[in-house]
Amino acid sequence: MADEASRTAFMEIQGRMIEATGKLKQVQAQMRNKEGEKKRAFLTLEELRQMSDDTNTYKSIGRTFILEPKPVLVAEQEKKFTDSESAIASLQTSKEYLEKQMVEIENNLKELLQQDPGLARQIMSLSV
């Protein structure tokens with residue numbers, strides 16, 4: 001049987017792995033959302049730029065559409081685009097950090113299992 005210290009260490013590492021995996025999935029979901037926002041802003045900008053400056057443009061607010069000058073809408077979409085880009089860059093940094101943390105946790109787990117083969121056998125018997 002594995003001693004209590006090894007079991008405690010394994011439970012701690014397992015908890016850290018679950019926490020890091022959850023955070024990583026959350027960051028990936030946020031990145032996908034920001035990518036979608038960025039793409040919508042880009043496509044809207046492309047369509048607005050094709051219009052002449054005197055074209056009536058409307059902004060959607062809920063179910064209501066409000067007449068807005070084209071330059072105002074272009075500025076809003078450019079801001080959304082740049083905000084999305086900066087958020088994606090920040091999330092990418094977080095993602096890279098979490099991935100490094102996951103590798104470190106995996107290495108700690110491998111090291112623990114190599115030090116205590118009895119614990120590895122015990123874990124395998126539980127998972128079968």
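Modeller: Lys 80 is partly exposed, with a relative accessibility of 47%; that label covers values between buried (under 20% relative accessible area) and exposed (over 50%), found with a 1.4 Å probe and the protein chains only. The model is predicted, so local features need pLDDT of at least 70 and side-chain atom pairs pLDDT 80 or more, while totals for chains, interfaces and linings use all residues. Residues are numbered from 1 along each chain as its sequence is written, and side-chain values rest on heavy atoms, with hydrogens and water left out.

Lys 80 sits in helix α2; helices (H or I, at least four residues) and strands (E, at least two) are DSSP runs numbered from the N terminus. From Lys 80 to Glu 96 there are 16 residues in sequence and 24 Å in space, C-alpha to C-alpha.

Side chains of opposite charge can pair when their charged atoms come close. The term salt bridge means a side-chain nitrogen of Lys or Arg within 4 Å of a carboxyl oxygen of Asp or Glu, and the whole structure has 8 of them.

One of these joins Asp 53 and Lys 70, with N and O 3.4 Å apart. Asp 53 lies in the loop between α1 and β1 (57-61) and Lys 70 in helix α2 (residues 70-115), so the bridge links distant parts of the chain, 17 residues apart.

Another salt bridge is formed by Lys 59 and Glu 76, at 3.0 Å from N to O. Here strand β1 supplies Lys 59 and helix α2 supplies Glu 76, again distant parts of the chain, 17 residues apart. Lys 59 is partly exposed at 25% relative accessibility, and Glu 76 is partly exposed at 26%. Salt bridges with shared partners also join Glu 46, Arg 49 and Glu 78 into one network.

Next comes an aromatic contact. Rings of Phe, Tyr and Trp (its six-membered ring) pair if their centres lie within 6.5 Å; planes under 30 degrees apart are stacked, over 60 edge-to-face, and the rest tilted. The count is 1 aromatic pair. Phe 42 and Phe 81 form a tilted pair because their planes are at 40°, with ring centres 6.2 Å apart. Since Phe 42 is in helix α1 and Phe 81 in helix α2, the pair ties together parts 39 residues apart in sequence. Phe 42 is partly exposed, at 39% relative accessible area.

The expected span of a helix is 1.5 Å times one less than its number of residues. For the 47 residues of α1 this gives 69 Å, which agrees with the 69 Å between its end C-alpha atoms. Among the buried residues of α1 are Phe 10, Ile 13, Met 17, Leu 24 and Leu 45.

Glu 19 is partly exposed at 47% relative accessibility, and Lys 23 is partly exposed at 39%.
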